[in-house]
Amino acid sequence: MSKARSPFEQLRNRFNETDLECSACGYIDDDGNWRVSAAGSRVKYQFICPTCDAIETREMRL
Ligand SMILES: [Zn+2]
């Protein structure tokens, strides 16, 4: 079992491959990254839209 990648990192990598799309205005940020914050076994992803300042939030469990 490799310790090179934590589940946290794997999730983050997977998330960074998904499109950052603002549900408020439809803007797609090709170069953007999710902001990741972890609390216990839950990981929160946030993306702040640069055009309308809406905040997209996703939450996942490890
Ligand atoms: Zn937007």
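**Zinc site and strand pairing in the predicted model**

C25 is partly exposed, because its relative accessibility is 41%. The cut-offs are under 20% for buried and over 50% for exposed, with partly exposed in between (1.4 Å probe, protein chains only). C22 is at 2% and therefore counts as buried. The model is predicted, so local features need pLDDT of at least 70 and side-chain atom pairs pLDDT 80 or more, while totals for chains, interfaces and linings use all residues. Numbering starts from 1 along each chain as its sequence is written, and side-chain values use heavy atoms, without hydrogens or water.

Both cysteines belong to the zinc site. The ion is coordinated by the SG atoms of C22, C25, C49 and C52, at 2.3 Å. Donors are N, O and S atoms within 2.8 Å of the metal (3.2 Å for Na, K and Ca); water is not among the atoms, so sites may look incomplete. Angles among the 4 donor atoms run from 107 to 116 degrees, and the site of the zinc ion is tetrahedral. That label requires four donors with all angles between 85 and 135 degrees. Along the sequence, the donor residues follow the spacing C-x2-C-x23-C-x2-C.

The protein holds 1 helix and 5 strands. From the N terminus on, the order of these elements is α-β-β-β-β-β. Helices (H or I, at least four residues) and strands (E, at least two) are DSSP runs, numbered from the N terminus. The C-alpha atoms fill a box of roughly 45 × 20 × 10 Å along the principal axes. Of the 62 residues in the protein, 21% are buried.

Strand 1 covers residues 20–21 and includes L20. L20 has a relative accessible area of 2%, and so it is buried. Beyond its neighbours within four places in sequence, L20 is in contact (heavy atoms within 4.5 Å) with Y27, I28, D29, G32, N33, W34 and F47. P50 lies 30 residues from L20 in sequence, and the C-alpha atoms of the two are 11 Å apart. Across the protein, 36% of the contacts between residues at least 6 apart in sequence join residues at least 24 apart.

An open sheet is formed by 3 strands in the order 3-4-5, with antiparallel pairing. Strand 3 (35–39) and strand 5 (55–61) are the edge strands; each has a single partner strand, so one side of each lacks a neighbour in the sheet. Pairing here means at least two DSSP bridges between two strands.

Strand 4 spans residues 42–48 and pairs with strand 3 over 5 bridges, in the antiparallel sense. Within this pair, A38 stands opposite V43 of strand 4. A39 of the model likewise faces R42 of strand 4. The hairpin of strand 3 and strand 4 has 2 residues between the strands, and G40 takes a positive phi near 65 degrees.

Strand 4 is also joined to strand 5, by 7 bridges, and these two strands run antiparallel. The bridge partner of V43 in strand 5 is M60. Strand 4 and strand 5 form a hairpin with 6 residues between them. In this turn, D53 has a positive phi of about 65 degrees.

Methods. Four donors count as tetrahedral if all angles lie between 85 and 135 degrees; four count as square planar and six as octahedral if opposite donors are over 155 degrees apart and all others between 65 and 115; anything else is irregular.
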